[in-house]
Amino acid sequence: MTDSSRHRSTHFVRPARLEDARAIRAVARESWHAAYDDLLGPDAVESVTDEWYALEGLRESIQSRDSHLFVAPESDDDEADRTDDLAGFVHVGQWPDEPAVGHLARLYVHSSHWGRGLGTSLCERGERALEDDGFDRIRLEVFARNERAIDFYEDRGYEPVAEVVEELEGETYRVSLLEKAL
């Protein structure tokens, strides 16, 4: 396993604002297509992103006191106030029905920014928020066939703890659960 300190990054990450919802949805849609079209098919990706990234739901997530949603602007300038230039986002909270376990629910980066350290900055920011909230470990789900994502998380100290089968758009998929101590 690679030393996670090698991946430390310093991209600017800020808390999401209500006006970021459309840009978050755009990043989600683009990155889902880039990552999952071959696995799920473009139509399923459209359907899933329409449902999971509906503007009202995103706005609720942004306002929630039970989770944190952070965004990374295209520019590393901390004065970047535009909401239409987001490059990625992370959403963290509590793992369902396990009060001591944090949940990395969503981490997506526009594919034009893959490999530049932005995912690491977002991941680290989400981990810090959960640690500040008192969680001692963090768990996430990833499609078992998404080797790029699994490698990303394992390089940052996450370890596989289980594999489950989940249904999505009428199909079943193997999903890996990964976990890391905070």
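# Briefing: helix packing, cores and loop residues

Glu169 is partly exposed, with a relative accessible area of 41%. The model is predicted. Glu169 sits in the loop between S6 and S7 and has a positive phi of about 55° although it is not a glycine.

**Nonpolar cores**

- The largest nonpolar core has 26 residues, and those that touch the most other members are Ile24, Trp32, Tyr36, Leu40, Phe89 and Phe143.
- At least two residues of this core come from each of helix H1 (21-40), helix H2 (42-52), helix H3 (55-63), strand S2 (68-73), strand S3 (86-94) and strand S7 (171-181).
- H1 supplies the largest share of this core, nine residues.

**H1 against H2**

- The axes of H1 and H2 are 8 Å apart, and the two helices pack at an angle of about 140°.
- That angle makes H1 oblique to H2.
- The crossing of H1 and H2 is right-handed.
- On the H1 side, the contact is made by Ala28, Arg29, Trp32, His33, Tyr36, Asp37 and Leu40.
- On the H2 side, Pro42, Ala44, Val45, Glu46, Val48, Thr49, Asp50 and Trp52 take part.

**H1 against H3**

- H1 and H3 have axes 9 Å apart and pack at an angle of about 110°.
- H1 is therefore roughly perpendicular to H3.
- H1 and H3 also cross in a right-handed sense.
- Ala21, Arg22, Ile24 and Arg25 of H1 meet Leu55, Leu58, Arg59 and Ile62 of H3.

**Two faces of H2**

- The residues Ala44, Val45, Val48 and Thr49 of H2 are buried.
- These residues lie on the same side of H2, because they cover an arc of only 125° around the axis.
- An α-helix has 3.6 residues a turn, so residues three or four places apart point the same way.
- Asp43 and Glu51 are exposed, on the face of H2 turned away from its buried side.
- The cover over the buried residues of H2 includes H1 and strand S6 (159-168).

- In H3, the buried residues are Leu55, Leu58, Ser61 and Ile62.
- Viewed down the axis of H3, they fall within an arc of 120°, so they line one face of the helix.
- Glu56 and Gln63 are exposed on the other side of H3.
- H1, S2, S3 and strand S4 (101-109) are included in what covers the buried residues of H3.

- Val27 lies in helix H1 and counts as buried, because its relative accessibility is 2% and the cut-off for buried is under 20%.
- With neighbours within four places in sequence left aside, Val27 is in contact with Leu86, Ala87, Gly88, Phe89, Tyr108, Val109 and His110.
- Val27 and Ala87 are 60 residues apart along the chain, while their C-alpha atoms are separated by 6.7 Å.

- Trp52 is found in helix H2 and counts as partly exposed at 39% relative accessibility.
- Apart from neighbours within four places in sequence, Trp52 is in contact with Trp32, Arg106 and Leu168.
- From Trp52 to Asp136 the C-alpha to C-alpha distance is 27 Å, and these residues are 84 residues apart in sequence.

**Asp97: positive phi in a loop**

- Asp97 lies in the loop between S3 and S4.
- The phi of Asp97 is near 65°, a positive value in a residue other than glycine.
- Asp97 counts as exposed, because its relative accessibility is 77% and exposed means over 50%.

Methods:
Residues are numbered from 1 along each chain as its sequence is written. This is a predicted model: local features need pLDDT of at least 70, side-chain atom pairs count only at pLDDT 80 or more; totals for chains, interfaces and linings use all residues. Side-chain values use heavy atoms; hydrogens and water are left out. A nonpolar core is a set of buried Ala, Val, Leu, Ile, Met, Phe, Trp, Tyr and Cys residues joined through side-chain atoms within 4.5 Å. Buried means under 20% relative accessible area, exposed over 50%, partly exposed in between (1.4 Å probe, protein chains only). Helices (H or I, at least four residues) and strands (E, at least two) are DSSP runs, numbered from the N terminus. Contact means heavy atoms within 4.5 Å. The arc is that of the directions from the helix axis to the C-beta atoms. Axes are lines fitted to C-alpha atoms, for helices over the stretch in contact, and angles run from 0 to 180 degrees between N-to-C directions. Angles under 35 degrees count as roughly parallel, over 145 as roughly antiparallel, 65 to 115 as roughly perpendicular and the rest as oblique. A crossing is left-handed if the near helix is turned anticlockwise from the far one by less than a right angle, and right-handed if clockwise.
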